[in-house]
Amino acid sequence: MEGALLGLGLSAAFSSLARWQRLLTWDGAIAAIAVGTTVFLFGGWGWAAVLLAFFTTSSLWTRVALARRGPGGRRWASSGEAEGRTAGQVMANGVVPAVAALAHGFGAVAALPAFLGAIAAMTADTWATELGLLSSSTPRLITTGHPVEPGRSGGITVEGTAGGILGACTIATLAMAFRPSLALWVGTLLAGVTGMFVDSFLGATLQEGFRCHVCGREGEKPSCCGRPAQRIRGFPGITNNAVNALAAGWGAALGIVSSVLF
C-alpha cells in the first residue's frame, strides 16, 4: 500500500508539473499518472527513472523543435502538439512499458528487457522525429526515397536517424544500471533502432493520412477547417498513436529475443 501511495504521489507531482509546463493535456496528465504509478509500483525506482528519462528528453526536443519551427510547421507530427500530449498519445507510448512492469511484478524474467526495448524504441522514434524537424535537409519517404514534407510520417533524414540512434544508445546506457551486461546494452540498442525504423515503415504504409477539402492541406487529423477531411492513404483506425504502440511492442519483443540470443 505504501509503495502504491508513493508511486501515485510522485506520478501526480511530475504529471502536474508537466501539465503546468503544457507538456501534457489534462487527460494526458491523468493517463501519465496511471502509467507512472504502475511502473513505479511493480518496477521500482530504476524503472520509473528510465520512463522519466524518456519523457523529459522527448519533451525537451519537442519544445526545441516547436521553438524553431512553430506550431504551424507541425501539422504532420502528432506526438508533441503545442498544447501537450493527450491521453491517447501517453497511452500509446505507455501501455507496453506498464504491462512489462506489471509482468515484472509477477516474476516474469523477460519483463526487464521488454521494458527497456519498448522505452528505447519510443525514445529513438521521438528523438528522430523532433531532430528531423530541425534538419535542413529534405526528408525522404522510407519506402520510396521520394521527398516529403518535414514531419510526414514515414519521412526520414540523416540528422533524425542519427538522433534516434543516439536516443536508443542513451536508454541502452541507462540499462547498465540494472545489469552491467554488454548483451543487455546491445539488445536494448537494437530494439530501439529497429523500433524507430518499424515506426517509420508503418507510418509510410499503414497509417492513415488526410487532405482538407477547404484548404487543401494534408495531415494526420481526420478534420480540418471545421470539416471532415478526406482520407487519401492508409487504413482506417491506423493512427499515429496505433503506429507508436506497435513500434513499442516491436521494441519489447526484440528486447526479449535479444536477451535470449545474446
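Among contacts in the protein between residues at least 6 apart in sequence, what percentage join residues at least 24 apart? The share is 68%, where a contact means heavy atoms within 4.5 Å.

This is a predicted model, in which local features need pLDDT of at least 70 and side-chain atom pairs count only at pLDDT 80 or more, while totals for chains, interfaces and linings use all residues. Residues are numbered from 1 along each chain as its sequence is written, and side-chain values use heavy atoms, with hydrogens and water left out.

**Figure 1. The overall fold of the protein.** The protein contains eight helices and seven strands; these are DSSP runs numbered from the N terminus, with helices (H or I) of at least four residues and strands (E) of at least two. Its radius of gyration is 18 Å, close to the 18 Å that the globule rule gives for 262 residues, so the protein is as compact as a globular protein of that length. The radius is taken over C-alpha atoms, and the rule is 2.2 Å times the number of residues to the power 0.38. The C-alpha trace spans about 55 × 40 × 30 Å along its principal axes. Of the 262 residues, 47% are buried (buried means under 20% relative accessible area, exposed over 50%, and partly exposed in between, with a 1.4 Å probe and protein chains only).

**Figure 2. The aromatic pair of Phe-42 and Phe-106.** The structure holds four aromatic pairs, a pair being rings of Phe, Tyr or Trp (its six-membered ring) with centres within 6.5 Å; planes under 30 degrees apart count as stacked, over 60 as edge-to-face and the rest as tilted. The ring centres of Phe-42 and Phe-106 are 6.4 Å apart and their planes lie at 20°, so this pair is stacked. Phe-42 belongs to helix α2 (residues 26–43) and Phe-106 to the loop between α4 (87–105) and α5 (111–133), so the pair ties together parts that are 64 residues apart in sequence. Phe-42 is partly exposed, at 27% relative accessibility, whereas Phe-106 is exposed, with a relative accessible area of 69%.

**Figure 3. The surroundings of Ala-121.** Ala-121 is located in helix α5 and is buried, with a relative accessible area of 2%. Not counting residues up to four places away in sequence, Ala-121 touches Ala-191, Gly-192, Gly-195, Ala-247 and Gly-251. Although Ala-121 and Gly-195 are 74 residues apart along the chain, 4.6 Å separates their C-alpha atoms.
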